[in-house]
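Please walk me through this structure in the viewer, stop by stop. Tell me what to select and what is there.

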Amino acid sequence: MMNSRRNMIKGAAMTATGVVVGAMSPLKSQEAVAQQPTPHSSESVSTHQLLVGRVAFVTGAARGIGRAIAELFAENGANVAMIDIADPSRLNSTQGYRVSNMADFDAAIATVQQHGTKVLKIQADVRDLAAMQSAAERTNRELGGIDIVIANAGYVAWHSFEDGTPEHWRNVIDVNVHGVFNTAKATIPFLKQQGGGRIINMASVGSRAGFAGNGAYTSSKWAVLGMTKQAALELGKYNITVNAIAPGAVNTPMYRSEGQMRSTGVSTAAEQDEQVNAVSPLGNAGAIEPEDVAQTALFLASDAAKTISGATIDNALGFNANYTA
Ligand SMILES: NC(=O)c1ccc[n+]([C@@H]2O[C@H](COP(=O)([O-])OP(=O)(O)OC[C@H]3O[C@@H](n4cnc5c(N)ncnc54)[C@H](O)[C@@H]3O)[C@@H](O)[C@H]2O)c1
C-alpha cells in the first residue's frame, strides 16, 4: 500500500518535471534530448534528459542523498565528479554512525557509471580546502569544466547542548560549514569560466528550527542558509545561482543511526517513521527517500530554475509548514 502510493507520487513528480522543463528555453546551447516513449511502461511519462553535456561536482557522493543525486544527474546526461572522504578513520564515528568507507564509494561509482556518462571518483575531505581545489582542478581538466556544484557532504554528532564538547563542535562545523564554503571556494573559478552555473547547498529542516539533541548540527545547518544567501547576492552577476535544499527525515544511514533514534527517544525505523508521519501533513506518503531529494536538486540544476537564487526548497513532507517563514 505504502509502496504503490509512493510510486504514484514519484510518477507525478517526474511528469511535472518533464512538462515544465520541456516548455523552457535552455540556459546554454545544450539541448534536452527526448527519449523514445515506451508504451505501457512508467518510462513513457519521463521524456527528457535535463543535464546533457553538463558537469556536476557532488560532495558526499558515496551513499545516501549525494549518491542519489549523482545517479539522477548521470541518468539525465551529466558527467559527474563524485567526491567523498570514504574513510571512517578520518572522522569520529558516533552512536552507530560512521562516514562512508571505500566499499560504499566503489558501489556508488559502479551504480552511477551504469548510466553511460563520464564519472570521476575523487577521495577528498571537504574540510581541506587544498584537497577541494585539487578535486575541482581535476574535474575541470578531465570532464571539461564544472557547471553544477552540490555541497552535500554532512556529518552529525548527537548530544545535548550542555554536553557538547569542543571536539563535537569542531567536527560538525568543520564538515557542515567550512566544508560547504571550501566546496564553493574551490569551484567558483570554474563556474565563472563556464559563464555561469549552479551551486546547491544541502541544508536541513534543522536550518529552520531548533531540534533538541542535535548538538552543533542545528547551528551548522542554519549557517548553510546564511552562506547560501550571501553567496547568491555576490555571485548573481556571474550568472551563478546559489540555492539550498532543506530535507526532512530522509531514509539514509545518517537518519537511521542509533544516535538519531536515541535523540528522539525511539529505537526502530518504524517508530521513527510513525513519529515523523504524526507531525507531517504528508505523513501518509512514507519516508522521504534520497531519490526524492535528488529530484529537488535536479530541478534547481535544470534550466527551469534559471531565475531562482538565494532560495531554500523544503523537501520535508510538509513539516516545514510549521515554520513561520
Ligand atoms: N538523512 C537526513 O534525514 C537528512 C536530513 C536533512 C539534511 N541532511 C543532509 O543531507 C546531506 C547528506 O546526508 P545523508 O543523509 O545522505 O548522510 P550520509 O551519512 O548517508 O552521507 C553523507 C556522506 O558525506 C560523506 N562525508 C562526511 N564527511 C565528509 C567529509 N569531511 N568530506 C567528504 N565527504 C564527507 C560521508 O562519507 C557520506 O558518504 C548532509 O549534509 C545531511 O546533513 C540529511
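## Stop one: helices H5 and H6

Select His168, Trp169, Val172, Ile173, Asn176, Val177, Val180, Phe181, Ala184 and Ile188 in H5; they meet Ala216, Tyr217, Ser220, Lys221, Ala223, Val224, Met227, Ala231 and Leu235 in H6. By type, the residues of this contact of H5 with H6 are 15 nonpolar, three polar and one charged. Keep in mind that the model you are viewing is predicted.

Now show both helices whole. H5 covers residues 166–193 and H6 covers residues 216–235. Their axes come within 9 Å and cross at roughly 20°. Angles under 35 degrees count as roughly parallel, and H5 and H6 are therefore roughly parallel to each other. Look along the crossing: H5 passes H6 in a right-handed sense.

## Zoom out: the whole chain

The chain has nine helices and nine strands. It holds 325 residues, and 45% of them count as buried.

## Stop two: H4 against H5

Which residues meet here? From H4, pick Leu129, Met132, Gln133, Ala135, Ala136 and Asn140. From H5, pick Asn182, Thr183, Lys185, Ala186, Thr187 and Phe190. The residues of this contact divide into six nonpolar, five polar and one charged.

## Stop three: H2 against H3

Show H2, residues 64–75, and H3, residues 102–113. The angle between H2 and H3 is about 20°, with the axes 9 Å apart. That angle makes H2 roughly parallel to H3. The crossing of H2 and H3 is right-handed.

Select Arg67, Ala70, Glu71 and Ala74 on the H2 side. On the H3 side, take Ala108, Thr111 and Val112. Together, the residues of the contact of H2 with H3 are four nonpolar, one polar and two charged.

Buried, exposed or partly exposed? Gln113 counts as partly exposed because it has 16 C-beta neighbours inside 10 Å. Draw a distance from its C-alpha atom to that of Val80. The two C-alpha atoms are 9.3 Å apart, although 33 residues separate Gln113 and Val80 along the chain.

## Stop four: around the ligand

Centre on the ligand. How many residues surround the ligand? There are 30, and the closest are Gly60, Gly64, Ser100, Gly154 and Thr252. The elements that give two or more residues to this shell are H2 and H5. H2 gives the most, with three residues. Colour the shell by residue type: 16 are nonpolar, ten polar and four charged.

## Stop five: two positive phi angles

Go to Ala86, in the loop between strand E4 (79–84) and H3. Its phi is near 45°, a positive value in a residue other than glycine. Ala86 counts as buried because 24 C-beta neighbours lie inside 10 Å.

Jump to Leu317, in the segment after strand E9 (312–315). Leu317 is not a glycine, yet its phi is positive, at about 55°. With 24 C-beta neighbours inside 10 Å, Leu317 counts as buried.

## Last stop: Ile288

From Leu317, move to Ile288, which touches it. Ile288 is found in the loop between helix H8 (269–278) and helix H9 (290–301). Is Ile288 buried or exposed? Ile288 is buried, because 24 other C-beta atoms are within 10 Å.

What does Ile288 touch, not counting residues up to four places away in sequence? Select Pro247, Gly248, Ala249, Val250, Asn251, Val293, Asn315 and Leu317. Finish with one more distance, from Ile288 to Asp273. Their C-alpha atoms are separated by 9.7 Å, and the two residues are 15 apart along the chain.

How values were computed: Residues are numbered from 1 along each chain as its sequence is written. This is a predicted model: local features need pLDDT of at least 70, side-chain atom pairs count only at pLDDT 80 or more; totals for chains, interfaces and linings use all residues. Axes are lines fitted to C-alpha atoms, for helices over the stretch in contact, and angles run from 0 to 180 degrees between N-to-C directions. Helices (H or I, at least four residues) and strands (E, at least two) are DSSP runs, numbered from the N terminus. Angles under 35 degrees count as roughly parallel, over 145 as roughly antiparallel, 65 to 115 as roughly perpendicular and the rest as oblique. A crossing is left-handed if the near helix is turned anticlockwise from the far one by less than a right angle, and right-handed if clockwise. Two residues are in contact if their C-beta atoms, placed from the backbone, lie within 7 Å. Ala, Val, Leu, Ile, Met, Phe, Trp, Tyr, Cys and Pro count as nonpolar, Asp, Glu, Lys and Arg as charged, and the others, Gly among them, as polar. A residue is buried if 20 or more other C-beta atoms lie within 10 Å of its own, exposed if 12 or fewer, and partly exposed in between; C-beta atoms are placed from the backbone. A residue is near a molecule or strand if its C-beta atom, placed from the backbone, lies within 6 Å of it.
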